[in-house]
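Here's a quick tour of one protein model, written for someone just starting out. Grab the structure viewer and follow along.

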Amino acid sequence: PMSKLDWLTKEIDGLKDQGLYNRIRTIGSAQGAWITVDGRNVLNFCSNNYLGLANHPKVVEAAKEATKKYGVGPAAVRSIAGTTDLHVQLEERLAKFKGAEDVITFQSGFTANLGTISALVGKEDGIYSDRLNHASIIDGCRLSGAKIVAYEHNDPAALEDAIKQNASNFRRALIITDGVFSMDGDIAPLPALYEVAKKYDILFMVDDAHGEGVLGKGGRGIVDHFDLHGKVDIEVGTMSKAFGVVGGIVAGDKKIIEWLRQRGRPFLFSSAVTAPDAAACLAAVDLLEESTELVDKLWANAKYFKEEMKKLGFDTGVSETPITPVMLGEAPLAQQFSRELFEEGVFAMSIGFPTVAKGKARIRVMISASHDNDDLGKGLDAFAKVGKKLGVIR
Ligand SMILES: *Cc1c(COP(=O)(O)O)cnc(C)c1O
């Protein structure tokens, strides 16, 4: 007999047949160049812990101290009783660090996007969104109820065409792009997009989750990288990647930030990040302000690894950042590649549809400042061995 859950069995079997079923690995240690995955000590090639801060002694110590003073739970949303002095300090320090008028923090980059987009545009409005924008932007756009006009990836002329065709239908509009595209590692042409936003006087927002702590002077982000301070209205970021902790950042015009404190729904209706989290993020800002050493090491490691992968004959796509996609095509091949790498002691997950387009499955290698030359060499050897075995390279 049919049951109301039969469709799920079918869907899940379908995923397994197509090589798209996520088998989730379990981590049994702190993050770092080497981690314990499903009980094995392996080289970590797929965390977003770009600078190695997730287990940095100063960051861990800050969280411990804050736990002693504040305990663990926030016990409230930010707008009621969840804002500690640490949250306030963090927002002030981030604004100063990034050279922004003001900053509001959220629980994650995901909620930052949901809250920000839906607070700025509604049913009568329009959103011009890069075709390859992150899922959290897409969900934020849908949630807002605004009409979504997708423009060709990283194409300011296509953006301008889209505006010309649609502007008269909208009360107001918002242009949104990823800063660093998380699956390909290419960078949005922000100055040219800004010129279009300025010409048509449209709100301009960039989601710099993978640029926070990575791009710009000492990791100050994409707005700093392109010296567009005061020009990009909204710069979303995250403290869950290079900062090594957790939390979302919205930096920008102080009037917009003030509005988000009133109408950013995850700020009003979901509990704050904990005080230990906020303290750890503050310690991460301290470290970034003290020295550019970790950011410099990250870029040197990434440059070396990408060059060597190209020499081996791998297609690493269009990346301009430490994100290193290894393009493999079909999802089952990418999954098999990942399993074989694991057998060689390298942890690098495959990524397939719906995270990337069908036929564009890949392994996305995330290089970090915590890898040393020996680690990178071991990783390259494993890629060479598996690549030859599976006929990806010769
Ligand atoms: C990772 C990511 C997010 C989500 O950030 P979290 O803090 O992990 O929720 C948002 N946007 C982009 C572009 C990302 O890569």
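Helix α13 gives the most to the lining of the largest pocket, supplying 5 residues. Keep in mind that this is a predicted model. Below, we look at the pockets, then a helix, then a sheet.

**The largest pocket**

- How is empty space found in a protein? Rolling a probe the size of a water molecule over the atoms shows where empty space is left.
- The largest pocket holds about 790 Å³ of space.
- It's lined by 36 residues, and the ones closest to its centre are Asn 22, Arg 23, Ile 24, Met 349 and Ser 350.
- Sort the lining of the largest pocket by class and you get 17 nonpolar, 13 polar and 6 charged residues.

**The second largest pocket**

- The second largest pocket comes in at about 580 Å³.
- Its lining has 20 residues, with Leu 132, Met 183, Thr 355, Val 356 and Ala 357 closest to the centre.
- By class, the lining of the second largest pocket splits into 10 nonpolar, 5 polar and 5 charged residues.

**Helix α7 and what covers it**

- Which residues of helix α7 (residues 190–199) are buried? They are Leu 190, Leu 193, Tyr 194, Val 196 and Ala 197.
- Who does the covering? The buried residues of α7 are covered by elements including β5 (147–151), α6 (156–166), β6 (173–178), β7 (203–207) and α8 (222–225).
- After α7 comes Asp 201, which has a positive phi, near 55 degrees.

**A sheet of 3 strands**

- As a reminder, strands of a sheet pair through backbone hydrogen bonds, either parallel or antiparallel.
- In this model, an open sheet of 3 strands runs in the order β10-β13-β12, and the pairing is antiparallel.
- β10 (323–329) and β12 are the edge strands, each pairing on one side only.
- For one example to find in the viewer, pick Thr 324: its bridge partner in β13 is Val 365.

How values were computed
Residues are numbered from 1 along each chain as its sequence is written. This is a predicted model: local features need pLDDT of at least 70, side-chain atom pairs count only at pLDDT 80 or more; totals for chains, interfaces and linings use all residues. Side-chain values use heavy atoms; hydrogens and water are left out. On a 1 Å grid over the protein atoms alone, a cavity is a set of points where a 1.4 Å probe fits but cannot get out, and a pocket is an open set with protein on both sides within 12 Å along at least five of seven lines; lining residues have an atom within 4 Å of a point. Grid points are joined across faces, edges and corners, and a volume is the space filled by probe spheres set on the points. Helices (H or I, at least four residues) and strands (E, at least two) are DSSP runs, numbered from the N terminus. Ala, Val, Leu, Ile, Met, Phe, Trp, Tyr, Cys and Pro count as nonpolar, Asp, Glu, Lys and Arg as charged, and the others, Gly among them, as polar. Buried means under 20% relative accessible area, exposed over 50%, partly exposed in between (1.4 Å probe, protein chains only). Contact means heavy atoms within 4.5 Å. Two strands pair if DSSP finds at least two bridges between them.
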